Amino acid sequence: MMSEVIRAALVQTTWTGDKESMIKAHEDYARQAAAQGAKVICFQELFYGPYFCQVQDPEYYEYAESVPGPTTERFQALAAELGMVMVLPMYEQEQPGVLYNTAAVVDADGSYLGKYRKNHIPQVKGFWEKFYFRPGNLGYPVFDTAVGKIGVYICYDRHFPEGWRALGLNGARIVFNPSATSRGLSSYLWQLEQPASAVANEYFIGAINRVGIEDLGDNDFYGQTYFVDPEGKFVGDVADTHDPELVIRDLDMSLLETVRDRWQFYRDRRPDAYGDLTAP
């Protein structure tokens, strides 16, 4: 039987200056998490690079790679070694000129389960993402892992309630939202939106944000990584606003049944009345 308590981990960190050292730093975080008993871990958005979307420069296309590909395979081996489910947010090249903001999901035995492609792509100052990414085209998959069914939403996606609900309808028990979001733009929303979405959709959310100011711009990534439960309560403390941190928390899955029996949001929803929401 699957344990009702899942020890889960999130990583917020600063840009090290190059891809290889960034990958090695995350391998170390994964090993630390496993040593503390974590069974699932998620990294931050575009985890092995800087947040290059602060500028529009084609030289950063070189960070893209196939998914699955070399970085995925490297972490598949580590996942198998550690017995840990991993969510790996990366820059994906499907083919030259066809690029996505993607997260690969790897099971605890090292098997590649699939990927989520970020559906909502911003194009505002400091977040020029349409220059780098096509909108996702894989829907809202949920992955059946060693820790149960998990989903992924990426950064700007979190402002759109429809995807949160789709992940719940598809059976997610934990949804990870890896992000790169800055202090001046959205910090007032950070501790509101994801707790509200956890309540509305009755699952756990792991919200990850990088930290620091990178040399590509003045975006101040403010951390505050956290887990929130389906009652909207933070699980333990919210992470630091400036420093790297490995967040490890125990998530009591029995709370999902308690909350769903209490509120019955899935029973009482009215899809027959929502047609106008998808009209152009």
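Start with helix H5, on the face turned away from its buried side: Glu 257 and Asp 261 sit there, exposed. Exposed is over 50% relative accessible area, buried is under 20%, and partly exposed is in between, with a 1.4 Å probe and protein chains only. Helices (H or I, at least four residues) and strands (E, at least two) are DSSP runs, numbered from the N terminus.

This is a predicted model, where local features need pLDDT of at least 70, side-chain atom pairs count only at pLDDT 80 or more, and totals for chains, interfaces and linings use all residues. Residues are numbered from 1 along each chain as its sequence is written, and side-chain values use heavy atoms, with hydrogens and water left out.

Back to H5, residues 254-263. Its buried residues are Leu 255, Leu 256 and Val 259. The arc is taken from the directions from the helix axis to the C-beta atoms. What do the buried residues of H5 pack against? Strand S11 (204-209) and S15. Contact here means heavy atoms within 4.5 Å. After the helix comes Gln 264, with a positive phi near 55°.

Next, helix H1. Its buried residues are Met 22, Ile 23, His 26, Glu 27, Tyr 29, Ala 30 and Ala 33. They cover an arc of only 160° around the axis, so they are on the same side of H1. The general rule: an α-helix has 3.6 residues a turn, so residues three or four places apart point the same way. The packing partners of that buried set are strand S1 (5-12), strand S2 (40-42), helix H2 (70-82), strand S3 (85-95) and strand S15 (245-252).

Now the ends of H1. At its start, a side-chain oxygen of Asp 18 comes within 3.2 Å of the backbone nitrogen of Glu 20. Gly 37 follows H1, with a positive phi near 95°.

On to the loops. Gly 223 lies between S13 and strand S14 (226-228). Its relative accessible area is 0%, so Gly 223 is buried. Leaving out residues up to four places away in sequence, Gly 223 touches Gln 12, Trp 190, Asn 209, Arg 210, Val 211, Asp 240 and Thr 241. Gln 224 is in the loop between S13 and S14 too. Its phi is positive, near 60°, and it is not a glycine. Is Gln 224 buried or exposed? Buried, at 13% relative accessible area.

Cys 155 is another positive phi in a residue other than glycine, near 45°. Cys 155 sits in the loop between strand S9 (148-152) and H3. At 5% relative accessibility, Cys 155 is buried.

Pro 68 is in the loop between S2 and H2. For context, most residues other than glycine have a negative phi, and most peptide bonds are trans.

Last, the largest pocket. Its volume is about 250 Å³. Which helix gives the most to its lining? H3, with six residues. Helix H3 (161-169) and helix H4 (183-201) are the elements that give two or more residues to that lining. Among the lining residues are Trp 164, Arg 165, Asn 201, Arg 269 and Tyr 274. On a 1 Å grid over the protein atoms alone, a pocket is an open set of points where a 1.4 Å probe fits, with protein on both sides within 12 Å along at least five of seven lines, and lining residues have an atom within 4 Å of a point. Grid points are joined across faces, edges and corners, and the volume is the space filled by probe spheres set on them.

Methods: Polar contact = N/O pair within 3.5 Å; in protein donor to acceptor, adjacent residues only side chain to side chain.
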